[in-house]
Amino acid sequence: QLQLVQSGGGLVQPGGSLRLSCAASGFILDVWAIGWFRQPPGEEREGVSCISSSGDTRTYADSVKGRFTISRDNVKNIVYLHMDNLSPEDTAIYYCAADYTPGSLSYCALGNAAVYNYWGQGTQVTVSS
């Protein structure tokens, strides 16, 4: 069974940091681009960041640029989203997703949820004092 298993998240104070993990089970991530999305309460889902299968392309939404860092370890079959200087506006359910890109190892689609084939279960991030 192919799936993405997320971990991390939780409650953090403004200005704090968290790291989210997205581990693949049942398939190898080396030809899959990974995207991170989030859905704030009462709002639509939005793209946060993505990383190409090769890892050489990393893209961020303007709202998180300079604060979030996406990375991947294809040996461990896992992708991370490290989040610094968190604010209450970052409160949301965060999802990772995998896009099969064997012919485009340096490409990832930020925010285009339709191209992603597999999704993680989601993890809550709450930023509050």
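This briefing walks through the fold, the disulfides and a few selected residues of one protein chain. The model is predicted. The protein has zero helices and 11 strands. Two disulfides are counted. Of its 129 residues, 47% count as buried.

**Overall build**

- From the N terminus on, the elements run β-β-β-β-β-β-β-β-β-β-β.
- The C-alpha trace spans about 45 × 30 × 25 Å along its principal axes.
- The radius of gyration is 14 Å, which agrees with the value near 14 Å that a compact globule of 129 residues would have.
- Take the contacts between residues at least 6 apart in sequence: 64% of them join residues at least 24 apart.

**Disulfide between cysteine 22 and cysteine 96**

- A disulfide is a covalent bond between the sulfur atoms of two cysteines.
- Cysteine 22 is joined to cysteine 96, with 2.1 Å from S to S.
- This pair links distant parts of the chain, 74 residues apart. Cysteine 22 sits in strand 3 (residues 18–25), and cysteine 96 sits in strand 9 (residues 92–100).
- The link of cysteine 22 and cysteine 96 is right-handed, with 75° about the S-S bond.
- Both cysteine 22 and cysteine 96 are buried.

**Disulfide between cysteine 50 and cysteine 108**

- Cysteine 50 is joined to cysteine 108, and the S to S distance is 2.0 Å.
- Here too the pair links distant parts of the chain, 58 residues apart. Cysteine 50 belongs to strand 5 (residues 46–51). Cysteine 108 belongs to the loop between strand 9 and strand 10 (118–119).
- The torsion about the S-S bond of cysteine 50 and cysteine 108 is about 60°, so this disulfide is right-handed.
- Cysteine 50 is buried, and cysteine 108 is buried as well.
- Number the bonded cysteines in sequence order, and the pairing reads 1-3, 2-4.

- Strands of a sheet pair through backbone hydrogen bonds, either parallel or antiparallel.
- Strand 3 and strand 8 (residues 78–83) pair over six bridges, in the antiparallel sense.
- Leucine 18 stands opposite methionine 83 of strand 8.

**Leucine 81, in strand 8**

- Leucine 81 lies in strand 8. Its relative accessible area is 0%, so leucine 81 is buried.
- Leucine 81 and threonine 69 are 12 residues apart in sequence, yet 5.7 Å apart in space, C-alpha to C-alpha.
- Neighbours within four places in sequence aside, the contacts of leucine 81 include Leu18, Leu20, Trp36, Val48, Phe68, Ile70 and Tyr94.

- Strand 11 (residues 123–127) has a covered face made up of Thr123, Val125 and Val127. Gln124 and Thr126 form its uncovered face.
- Strand 2 (residues 10–12) and strand 11 run parallel, joined by three bridges. Leucine 11 stands opposite threonine 126 there.
- Strand 9 and strand 11 run antiparallel, also joined by three bridges. Tyrosine 94 has threonine 123 of strand 11 as its bridge partner.

**Threonine 91, in a loop**

- Threonine 91 is placed in the loop between strand 8 and strand 9.
- Its relative accessibility is 15%, so threonine 91 counts as buried; the cut-off for buried is under 20%.
- The side chain of threonine 91 reaches the backbone oxygen of proline 88 at 3.0 Å. The side chain of threonine 91 also reaches the backbone nitrogen of valine 127 at 2.9 Å.
- With neighbours within four places in sequence left aside, threonine 91 is in contact with Pro40, Pro41, Gln124, Val125, Thr126 and Val127.

Terms used. Residues are numbered from 1 along each chain as its sequence is written. This is a predicted model: local features need pLDDT of at least 70, side-chain atom pairs count only at pLDDT 80 or more; totals for chains, interfaces and linings use all residues. Side-chain values use heavy atoms; hydrogens and water are left out. A disulfide is a pair of cysteine sulfur atoms within 2.5 Å. Helices (H or I, at least four residues) and strands (E, at least two) are DSSP runs, numbered from the N terminus. Buried means under 20% relative accessible area, exposed over 50%, partly exposed in between (1.4 Å probe, protein chains only). Two strands pair if DSSP finds at least two bridges between them. A polar contact is a pair of N or O atoms within 3.5 Å; within protein, one must be able to donate a hydrogen and the other to accept it, and residues adjacent in sequence count only if both atoms are side-chain atoms. Contact means heavy atoms within 4.5 Å. The radius of gyration is taken over C-alpha atoms; the globule rule is 2.2 Å times the number of residues to the power 0.38.
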